[in-house]
Amino acid sequence: MEAYTGFAQVYDTFMDNVPYEEWADYYKEILREHGIMDGIVLDLGCGTGSMTELLAEQGYDMIGVDNSEEMLDLAMEKRAASGQDILYLLQDMRKFELYGTVRAVISACDSVNYLTEPGDLVKVFSLVNNYLDPGGLFLFDFNTEYKYRELLGDTTIAENREECSFIWENYYDLQERINEYDLTIFVREGELYRKFEETHFQRGYTVSEVADALREAGLELVALYDDFTREEPGEDSARVCVVARECRKCCEVSR
């Protein structure tokens with residue numbers, strides 16, 4: 001789970017192709033379809049706060065949780081610039097704690113793939129269920145096992161910018177289903193570049209594994225969508241979006 005130290009400095013630069021605004025609109029549409037127009041929403045694995053800021057602009061009271069101090073430093077810089085009232089918490093998603101329940105939890109940009117042990121997936125989903133209001137929603141996306149096996153595994157990606165550059169080497173273990181990212185980052189400091197190296201690990205999950213983990217955690221699977229669309233995922237889906245709902249407290253309240 002230790003990641004995003006040196007890379008945090010250049011994360012937003014190299015993620016400028018991610019359509020955060022479209023993703024935020026997508027989440028807002030689903031939240032409102034289920035009657036969640038306002039209230040407290042948790043962004044789990046919030047990173048530098050790009051999605052957190054956008055949902056705060058939509059009128060939600062946002063909490064952001066991440067285990068990278070460097071990423072949260074950048075998120076708090078954005079908060080200072082925007083003036084949004086966002087609470088950021090430095091916590092491991094496997095054991096996060098909140099002061100009360102929330103109307104919804106989101107987790108974007110394949111954050112759950114950093115849970116490399118299947119038991120941790122259930123642990124996090126159970127915590128989400130615990131902190132959701134009765135009938136609250138859990139919206140997240142994950143990279144599929146297909147993506148790591150067929151698209152990312154054993155590839156090298158490099159990008160060069162004026163102020164920074166990186167080399168991203170992928171190694172996918174078919175048996176363990178773990179993708180190792182070896183990142184080499186160069187950040188310009190005056191006339192020289194500072195070199196950072198770090199390694200990330202993500203696990204490839206199947207749709208059935210995610211569905212089973214949700215069920216074990218007591219959450220109800222509402223819908224599965226292919227990569228921020230409303231289409232059903234297929235065998236060659238690289239990213240799947242999940243809509244799940246808290247149901248235990250909801251059932252208790254109705255008794």
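**Backbone, burial and charge**

Tutor: Phe 228 is buried because its relative accessible area is 13%, where buried means under 20%, exposed over 50% and partly exposed in between (1.4 Å probe, protein chains only). Before we go on, this is a predicted model, where local features need pLDDT of at least 70, side-chain atom pairs count only at pLDDT 80 or more, and totals for chains, interfaces and linings use all residues. Residues are numbered from 1 along each chain as its sequence is written, and side-chain values use heavy atoms, with hydrogens and water left out.

Student: OK, and where is Phe 228 found?

Tutor: In the loop between β10 (219–226) and β11 (239–246); helices (H or I, at least four residues) and strands (E, at least two) are DSSP runs, numbered from the N terminus. Phe 228 has a positive phi of about 60° although it is not a glycine.

Student: Is Asp 154 buried or exposed?

Tutor: Exposed, because its relative accessibility is 59%. Asp 154 lies in the loop between α6 (145–152) and β6 (156–160).

Student: Switching to helices: how many residues of α3 are buried?

Tutor: 7 of the 8 in helix α3 (residues 50–57), so the helix is largely enclosed by the rest of the structure. Among the buried ones are Met 51, Leu 54 and Leu 55. Just after α3, Gly 59 takes a positive phi of about 105°.

Student: And the surface: which residues gather in the patch of negative charge?

Tutor: Glu 21, Glu 22, Asp 25 and Glu 57. Patch residues have over 30% relative accessible area and no salt bridge, and like charges are joined within 9 Å; a salt bridge is a side-chain nitrogen of Lys or Arg within 4 Å of a carboxyl oxygen of Asp or Glu.

Student: Which helix gives the largest share?

Tutor: Helix α2 (residues 20–33), with 3 residues. Glu 22 is found in α2 and counts as exposed because its relative accessibility is 56%.

Student: Is Cys 164 buried or exposed?

Tutor: Buried, because its relative accessibility is 4%. Cys 109 counts as buried too, at 15% relative accessibility.

Methods:
Patch = residues over 30% accessible without salt bridge, like charges linked within 9 Å, V, L, I, M, F, W, Y side chains within 5 Å. Areas by Shrake-Rupley, 256 points an atom, 1.4 Å probe, with all protein chains shown as cover. Lys, Arg positive; Asp, Glu negative; His and termini not counted. Charge placed at Lys NZ, Arg CZ, Asp CG, Glu CD.
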